[in-house]
Amino acid sequence: MTDRKLVFLDVDGTLVDYRNTIPASAVDAVRGARQRGHLVFLCTGRSKAEVYDELWEIGLDGLVGGNGSYAEYRDEVVLEQTMTAEQCRRVVDWLHERGLEFYLECNAGLFGSENFETAAQPTIRDYVRGKGTTDVESLTVRDVFPDMIFGADLYRTDVNKISFVLSSIEDHHAATRDFPDLLSGTWGGRGAAALFGDLGVPNISKAYAIERLVEHVGARIEDTIGFGDATVDIPMLEVCGLGVAMGNGSEDIKAVAGHVTDDVEADGLANAFRHLGLVG
C-alpha cells in the first residue's frame, strides 16, 4: 500500500500500563493496523529478554530494544551494540563498591545482582506508584521482572545496558563522571523523575535505531509514527514523521508531540490509532 506507516511503540506507559497489563483495546488496535498493511514495532528501553511472549503474541513486525542498542525486523537482526567485557567488569565492580544493586540487560536474559530481588522492592513499588497505580503493597520484583536470573556470572560480553537502584541522584552524577565512555541516564518515575540509573552503549538512541530500521525496510522516515510517554522517548518523537505523546506522559514530551492522546489506562493508544486513521 502506498500510504503504509511504520509505527514505533514505547512499551511501559504507552502499550503496557504500570502493572504490566496490556489494554485489550491496544491489542485490537495493533492487530487492526497490521491488517491494513502498516508495520508495528516496539521501541523500548527494555532489552529483548524483557519482551515477554504476551507482547510478541499481539503480532509485531520487529523491535528496537535497549533504547536503541538493538533492532530487529521479522527475526532478522538489523543492529546490535554491546558493552565490551572490560566495560562490563568495570561497571559491575564500581556498583559493588558503592553498594548499589543492579541488573544486566542482555538479549539472553536479565541478570540480577546478589540482593536486587529484595533491595529493589521499595524502588519498584515507588516506580509503579509514581505512574498512578496505588495498590502496590503486595507488588514484588518478580511481578515486574518475572524471568530475571539470579546467581549467574555478572561479568558478561553481551550486555546492552546496566540499570541500578539510585540511593540518591549523586549516584547518577558519579556514574556519568566515572564512565565517560558509556551513556549515562536515569529512569523510573513519572515523567523525568529518577529512581534508577543506567549505563549503556554510547552514541545510541531510539532515533538512531529507527533510522537504521527504516533504511533496512526501504521505507521513508516521513511515513513513521512514534508513540511515547517519557523524556527518553523524545528523540523517537522528534525523528519520526509524527510524534504522539500519551496523556500520562511528561510535559516535556507533550511539548514536542504532534498529537497528545489519552492515558494508557484510558485506551489512549487505541484512540490515537483511530484518530490517525491507522484503524477504522
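# How do you know? Questions about the model

User: What does Ser113 touch, not counting residues up to four places away in sequence?

Analyst: Ser113 touches Glu101, Phe102, Phe150 and Leu154, with residues up to four places away in sequence left out. These are called touches because heavy atoms come within 4.5 Å, the cut-off for a contact. By the way, this is a predicted model, where local features need pLDDT of at least 70 and side-chain atom pairs count only at pLDDT 80 or more, while totals for chains, interfaces and linings use all residues. Residues are numbered from 1 along each chain as its sequence is written, and side-chain values use heavy atoms, with hydrogens and water left out.

User: Why is Ser113 called buried?

Analyst: Its relative accessibility is 0%, and buried means under 20% relative accessible area (exposed is over 50%, partly exposed in between, with a 1.4 Å probe and protein chains only). So Ser113 counts as buried. You'll find Ser113 in the loop between S7 and helix H4 (116–119).

User: What about Asn67 and Ala230: what makes them buried or exposed?

Analyst: Asn67 has a relative accessible area of 14%, so it is buried. Ala230 is at 14% too, and counts as buried. Asn67 lies in the loop between strand S3 (62–65) and strand S4 (70–73), whereas Ala230 is in the loop between S12 and helix H9 (234–239).

User: What makes S6 largely enclosed?

Analyst: Strand S6 (residues 102–106) has 5 of its 5 residues buried, so the rest of the structure largely encloses it. Phe102, Leu104 and Cys106 point one way and Tyr103 and Glu105 the other, and all are buried.

User: How do you know that S6 and S9 pair?

Analyst: They're joined by 5 bridges and run antiparallel. DSSP has to find at least two bridges for two strands to pair, so they qualify. One of those links is Phe102, whose bridge partner in S9 is Phe164. Phe164 has a bridge partner in S11 as well, Gly197. Strand S9 (residues 159–165) and strand S11 (residues 194–200) share 5 bridges and are antiparallel.

User: What sits between S6 and S7 that makes a hairpin?

Analyst: S6 and S7 form a hairpin with 2 residues between them. The two pair in the antiparallel sense over 4 bridges, with S7 covering residues 109–112. Glu105 has Leu110 as its bridge partner in S7.

User: Which strands are the edges of the 8-strand sheet?

Analyst: That open sheet runs S5-S4-S3-S2-S1-S12-S13-S14, again with mixed pairing. Its edges are S5 and strand S14 (259–260), each pairing on one side only. Further in, 4 bridges join S3 to S4, which are antiparallel, and Gly65 has Tyr70 as its bridge partner in S4.

User: What makes the phi of Asn67 and Arg74 stand out?

Analyst: Phi is near 60° for Asn67 and about 50° for Arg74, positive in both although neither is a glycine. Most residues other than glycine have a negative phi. Arg74 lies in the loop between S4 and strand S5 (76–80).

User: How many residues line the largest pocket, and which lie nearest its centre?

Analyst: The lining has 46 residues, with Gly45, Asn67, Thr186, Trp187 and Val232 nearest the centre. A pocket is an open set of points on a 1 Å grid over the protein atoms alone, where a 1.4 Å probe fits, with protein on both sides within 12 Å along at least five of seven lines; lining residues have an atom within 4 Å of a point. S10 gives the largest share of the lining, 6 residues.
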